[in-house]
Amino acid sequence: MMEYSKRIFKNEPEDRAWLPLDTVCIQEPFEGRIEVLDGQGIGYAMFELKRKKQFIVSGALGEHRVVCDGKPIGSFFVDCETVIDDQGGVYKKLLATLRGTLSGGETFRVGDAVYHVFVRWLRDHVHTLKGMQYFESNIKSAIDLFRDTQRKDGMIWDNLYPRTKETNFWEMEFAYGDFIRVIENGTLELKRIPVEADVEYLFVEGLYRTWKATGDTAWMRGGLDSAIAAMNYCKTSPYRWSKKLGLIKRGYTIDTWDFQNAEDKMRAGQGPMVVKFDKTRFGIMHGDNTGYAMACRQLAEMLCVGGRDKEAAAFQALEKEIRQRLDKLSWNGQFFTHHVPENPRIKRDLGVDEKTQVSLSNAYNLSRGIRPAQAKAILETYQRIRREMPKSSPGEFYMIYPPFGKGFEHQGPIWEYMNGGVTTIVAGELAKGAFEHGAESYGVEILNTMQAWADRHDGYFHCALRGCMPKEEKLHLKKLNIKPHLNADVRGDSALAIPWTGEGDNDLRKHPSGTKTYHGVSFDITDPAKNQRKTCVAIGSDAPFAQEIRIPTNGLHASVYLLHAVHGKGVAGTVTFTYDDESEAVQYIKEGEHYGPWWMPMEPAGFECGNVCNGGKHPVNYRVAWRGTNPTCSNVGNYICGINNPHPDRKIEHITLRAGHDNACWFVFAATASKEAVRFPETEVSYGIPDNWGAAAVTHALIEGLAGTQLHALKDPAVRICPRWDAAGVKRVTVCTKLPASNAYVRYQYTYNEKTKTLRLKLAGQAEKYTVEILLPSTLTPRQVRVNGKDVPIKIRQNHCILKCSGRQSHSIEVQSKETMFSGSK
């Protein structure tokens, strides 16, 4: 930035850059004609200092220069970031929560090139780009990665994974069709899931979105041949194209997912991801074809900009053909049918009436150029699902509804993941479609539901929740008596019992007593004040700890729960079940399976997904029970753990708790037996999808839908701004949307004064042209509209006030009900 001899601005901010729409006041003693140049050297403000001393910041970000009669007199730096600041903070919080979930990414080196991806799957990356484009500048290299590695026939790889040099399962599974390629001396592998039919159109979409966000037309032109080859591959590959129906085909998966059902897998004698054109029973999934049709439109637009009009016309014609064929085959009047077999004689027994199933891509279709009547019907279909869905469902945003009763049990048990799970992906796409197709109130309801989801999960957006919660079965419990063995206190300074770890006031002194229930299991905890300070059993390998204790059980019990804490690591001890036939079974109490640290206690990794996490290899057998504080630490606590009886059909005479050999101190507060196997209350969180994918869909709906900033970095067409805040009841909000890859931005301030029936919108940006479409409040019937102080014709379409602005200066829009004087002269 240039240095000037004196400070010329009265109100220069102390702790930040200037923001677009800030007012800059010039100090005396300058006189003459002022021109203000933006970060690209383009003027956006010009005035005589005798008449005014201030201007509003607008134009391109960067260093802005102030020139007086052709002589530079000062400069200032302008910057901004994507933010929403609404009255009440509801959507400011939502955007911040989404931003926290969006974060992530990986870097790969292939040859001499270094590539950055948000997710290592192209599909997931492109969908995540919808949100990350507002926060991340390095967005081209991921598309470069899949362009640079494209197969010669045009096929695009699904993903890139690190690997070891030894032959692995995927090489054996996918080698038959050249669907795997080992690179970088055996340290990386490119894979194409054979059943997937969406990758090529997603490559085109990724190229298109990245071009729009970066404004780099030369870069885009460099990817056009790859895009054409990818689209042509889909029409020529026997794995992708149905000659019979003239549409994209795939094996029978759940929508865009990559596992076929067990029946098709068994009949074809193949893995669930494998397709073979002579064995697989192919069909048409609508999302592959709406995505392909939209990619035709996007590619045609890019080809026109690249001067390749003849090729563009061919893809425009192909889009039309695809849509006509798909509508005839798959549209049923309410939604697109999930899967239509190539061979209509094929009948499957998948435990559901397949004609009633509404699948995920119907939500995507809302933004893929379908007819308005189709969009309206799909939105009504999801609202019907909301009325019909199980009472325990988190929402109508199903990956498929109703789910398959059988056939997908291995990859997607009913109401989990892709088989009846609900997802932020559908919620975001559905909200975006609602805003675009006249159902703004429904879009707002969805966004508000999303914030409620995040609030239930500590401000985080899990991409998949269970579509129906199982009925909680009552536990039949028996509290066990350990009082005769109590020998320790919860205080670290105890003189009457073994002190808690001997660390002074770093203890569990606030631990409750009496009958307490944790995670559905009741325990009796002795009050230390009534038992000579003895409230738990300290078990250890050395005195004064108990080396073992025996607890009578006398009954048929499937499990035992302990309320406990461990000071130390490793194997805290063992639980031995002694049966009435004098046989025994031993279970080890291990760190990470039955307990964690009592100081700063943590839930086990993946506990929200229950025992399905990690393929069930590491069952989650514990939870944090109680949390409290002490004078040293604000977060201490203990755990409930469950130990299953290996022989639940045998009567247990007693259990024995013995010290381990890892020098851990094991503190047991209470024990309870259960006639049922270990079970903790079910969580609604499901599994299987990157969380940033779904968060991006909701971010896109919030920014482009509710806030209505449909930003791009190109000179043409005009930037579209469609504030829809009235649907959310917001009367005052400041919105800033930025694309860091190009520094393109728009910032606006929206206010509606219900008393005076006046709506005002002030906006700034670097675009030369804007189309503004403001959703009008129900109490505002426009009688007068002004743009930059001048009356303009009133144009209303579908309850939106439509107007245009041009130039890099800031713009002021006023809409009022009555023929009254606006602010400023008329």
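Select Glu-189 and Arg-163 to begin: the two form a salt bridge, and their closest N and O atoms are 2.8 Å apart. This pair links distant parts of the chain, with Glu-189 in strand β12 (residues 188-191) and Arg-163 in the loop between β10 (159-162) and α4 (169-174), 26 residues apart. Are these two residues buried or exposed? Glu-189 is buried, and so is Arg-163. As you look around, keep in mind that you are viewing a predicted model.

**Step back to the whole chain**

Now zoom out and show the chain as a cartoon. You will find 15 helices and 43 strands. The C-alpha atoms fill a box of roughly 100 × 75 × 55 Å, taken along the principal axes. Of the 826 residues in the chain, 57% are buried. How many salt bridges does the structure hold? There are 56 salt bridges in the structure, and the next stops visit some others.

**Two strands joined by side chains**

Select Arg-33 and Glu-48 and show their side chains. They meet in a salt bridge, at 3.4 Å from N to O. Arg-33 belongs to strand β2 (residues 33-37) and Glu-48 to strand β3 (residues 43-48), so this contact ties together parts that are 15 residues apart in sequence. Arg-33 is partly exposed, with a relative accessible area of 40%.

**Two helices joined by side chains**

Next, pick Asp-455 and Lys-93. Here the salt bridge has an N to O distance of 3.2 Å. Asp-455 sits in helix α14 and Lys-93 in helix α1 (residues 90-102), so the pair ties together parts that are 362 residues apart in sequence. Asp-455 is partly exposed at 41% relative accessibility, and Lys-93 is partly exposed at 42%.

**Along helix α14**

Stay with α14 and select residues 440-456. This helix has 17 residues and reaches 25 Å from its first C-alpha to its last, close to the 24 Å expected at 1.5 Å a residue. Which of its residues are buried? They are Glu-440, Tyr-442, Gly-443, Val-444, Ile-446, Leu-447, Met-450, Gln-451, Trp-453 and Ala-454. An α-helix has 3.6 residues a turn, so residues three or four places apart point the same way. Following α14 you come to Asp-458, whose phi is positive, near 55 degrees.

**A buried methionine**

Select Met-285, which has its place in strand β15 (residues 283-285). Met-285 has a relative accessible area of 1%, so it counts as buried. Met-285 and Ser-330 are 45 residues apart in sequence, and their C-alpha atoms are 8.5 Å apart in space.

**Two cis peptide bonds**

Zoom in on the backbone between Tyr-401 and Pro-402. A cis peptide bond joins them, with omega about -10 degrees. Pro-402 is in the loop between β18 (400-401) and β19 (422-423). Then move to Asp-716 and Pro-717, where you will find a cis peptide bond with omega about -5 degrees. Pro-717 lies in the loop between β33 (709-710) and β34 (719-721).

What is phi of His-519 near? It is near 55 degrees, a positive value in a residue other than glycine. Asn-788 is another non-glycine residue with a positive phi, near 55 degrees. Asn-788 lies in the loop between β39 (784-787) and β40 (790-791). Its relative accessible area is 34%, so Asn-788 is partly exposed.

Asp-580 has its place in the loop between β27 (571-579) and β28 (584-590).

Key:
Residues numbered from 1 in each chain as written. Predicted model: local features only at pLDDT ≥ 70, side-chain atom pairs only at ≥ 80, totals over all residues. Heavy atoms only, no water. Helix = DSSP H or I, 4+ residues; strand = E, 2+ residues; numbered from the N terminus. Expected span 1.5 Å × (residues − 1). Buried < 20%, exposed > 50% of the residue type's maximum accessible area, 1.4 Å probe, protein only. Salt bridge = Lys/Arg side-chain N within 4 Å of Asp/Glu carboxyl O.
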